[in-house]
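Please consult the sequence and coordinates alongside each answer.

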Amino acid sequence: MSVKRQFPRWSSVKPMLGWSWPTLQRRDRGLERALTVSDLRDLSAKRVPRSVFDYVEGGALQELSIQRAKDAFKRVEFRPRVLTGVAHVDLSTTILGKPTSMPIIFAPTGYSRMMHYRGEYAVAASAAKNDVIYSLSTMGTVSPEDLVGATPEGRKWFQLYLWQNRDQSRDFIQQAKRAGFEALVLTVDTPVSGQRLRDTRNGLTVPPKITMKTFLNMATKPKWWANMLTTPPLEFAAMRGYDRSLFELAQLIFDPTVTMKDIPWLQKEWGGPLIVKGVQTVEDALALKKLGVQGIVLSNHGGRQMDRGTVPLEILPEVRAAVGKTMEIYIDGSVLNGGDVLAAVALGANAALIGRPYLYGLMAAGEAGVDRMSDIFRLEMDNTMKLLGVGRMSDLGPEHVRLRSH
Ligand SMILES: Cc1cc2nc3c(=O)[nH]c(=O)nc-3n(C[C@H](O)[C@H](O)[C@H](O)COP(=O)(O)O)c2cc1C
């Protein structure tokens, strides 16, 4: 039977129109097109100098830790339950006894104003808006006080590198206390700095030097350079007043003589929740539990310190079984999408820390880029939870995940 033809009607054509009239509002089309963290990563590579991108992206030596962490997340297989009637998902959870909008914590990362001129200000503002915890690094380019002044709302942790020199350590602790930070994150996987070959090859210095190579690069990244040259110089803001060059300070930050015996001193001095970041074995997790720390981060520093470290997702079930339920466990390293976060929670983590994902957002488009990253994670988690048939974080368990052998 032949189909009768008719004249196209405006009412049926209009909804099919794939374009809209131009407006005067400036839109970031690159950002609008970013649907995944990987898209944000690609966009960021176009917007900052190569040496800055590599500083964020790279890891130590052969970068095997990074690759292995990614591989571990690729081995995750979900076991969805069907006909569960889950129409609405609540992504919120509790971290250190207080609510947070989703089981994601922004990891401490140094030098953020090198990635984007608003650096830590932009990331903390976005974290507060999205109701997730932001951790400020000792190597931050904004001081604890200035950060809280700019964004008083939102939960904030301060990451500390402990020095044997008690006066210097006390100074950092006091700054975090005065600024009202909620918890201290002690990073322990840095007795010395990792060997990051990309940075050596790129001749990366902080602040970046204007060499012939970087001068030529300026032409391709004019916006980044203009922002860098017209805003206050980069500094380790928590170390203002230490009369040394940035290079010398970076050397000073790590102290290989610190031991487990220093932890009780720190607990006494700080007097609040303490989280130890950079744990890679069951033995150390148990030792820290005995010392009464509130949480640990199973982490190899995003593969930036020891290459071939343990893979956090793989040791998570064993560590959770050993320490029991009371101590909080977070993991990090190559958590690149909502499914990765859910796998970590299912296998026993209270939350996942993310570093590079928000830095990709930051390098791509400042605060709006970090917002976009949170939206991406939220959407992916919400969708995956519905497909899994699980409505609440507390209902997610090991029964929902299997790690394939390859
Ligand atoms: C550019 C960059 C700087 C970092 N700086 C610090 C730091 O100052 N202190 C710290 O404890 N961890 C630091 N880290 C490690 C992160 O806190 C976190 O462990 C790691 O980024 C997690 O891996 P991911 O980036 O794949 O999410 C840094 C990571 C990156 C990428």
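Q: Which residues have the most contacts inside the largest nonpolar core?
A: In this predicted model, local features need pLDDT of at least 70 and side-chain atom pairs count only at pLDDT 80 or more, while totals for chains, interfaces and linings use all residues. Residues are numbered from 1 along each chain as its sequence is written, and side-chain values use heavy atoms, with hydrogens and water left out. A nonpolar core is a set of buried Ala, Val, Leu, Ile, Met, Phe, Trp, Tyr and Cys residues joined through side-chain atoms within 4.5 Å, where buried means under 20% relative accessible area, exposed over 50% and partly exposed in between, with a 1.4 Å probe and protein chains only as cover. The largest such core has 107 residues, and those with the most contacts inside it are Phe106, Met114, Met115 and Ile296.

Q: Which element gives the most residues to this core?
A: Helices (H or I, at least four residues) and strands (E, at least two) are DSSP runs numbered from the N terminus. The largest core holds 107 residues, and 13 of these come from the element that gives the most, H18.

Q: Which residues does isoleucine 296 touch, not counting residues up to four places away in sequence?
A: Contact means heavy atoms within 4.5 Å. Isoleucine 296 is among the residues with the most contacts inside the largest core. Its partners are Ile275, Val276, Val279, Ala285, Leu288, Val319, Met327, Glu328, Ile329 and Tyr330.

Q: How many residues does the second, separate core have?
A: This core includes Leu96, Ile105, Ala107 and Val185. Leucine 96 counts as buried because its relative accessibility is 19%. The second core has a total of 13 residues.

Q: What phi value does leucine 96 take?
A: Most residues other than glycine have a negative phi. Leucine 96 lies in the loop between strand E2 (93-95) and strand E3 (98-100). Although it is not a glycine, leucine 96 has a positive phi, of about 50 degrees.

Q: Is tyrosine 111 buried or exposed?
A: Tyrosine 111 lies in the loop between strand E4 (104-106) and helix H6 (112-115). Its phi is positive, near 60 degrees, in a residue other than glycine. Because its relative accessible area is 7%, tyrosine 111 is classed as buried.

Q: How many residues of helix H17 are buried?
A: Helix H17 spans residues 338-346 and is mostly covered. At its start, a side-chain oxygen of asparagine 337 reaches to within 3.0 Å of the backbone nitrogen of glycine 339, and just after the helix, glycine 348 takes a positive phi of about 120 degrees. The buried residues of H17 include Asp340. Their count is nine of nine.

Q: Which residues are in contact with aspartate 131, leaving aside its neighbours within four places in sequence?
A: Aspartate 131 is found in the loop between helix H7 (119-129) and strand E5 (133-136). Because its relative accessible area is 41%, aspartate 131 is partly exposed. Its contacts are Thr100 and Ser101.

Note on methods
Polar contact = N/O pair within 3.5 Å; in protein donor to acceptor, adjacent residues only side chain to side chain.
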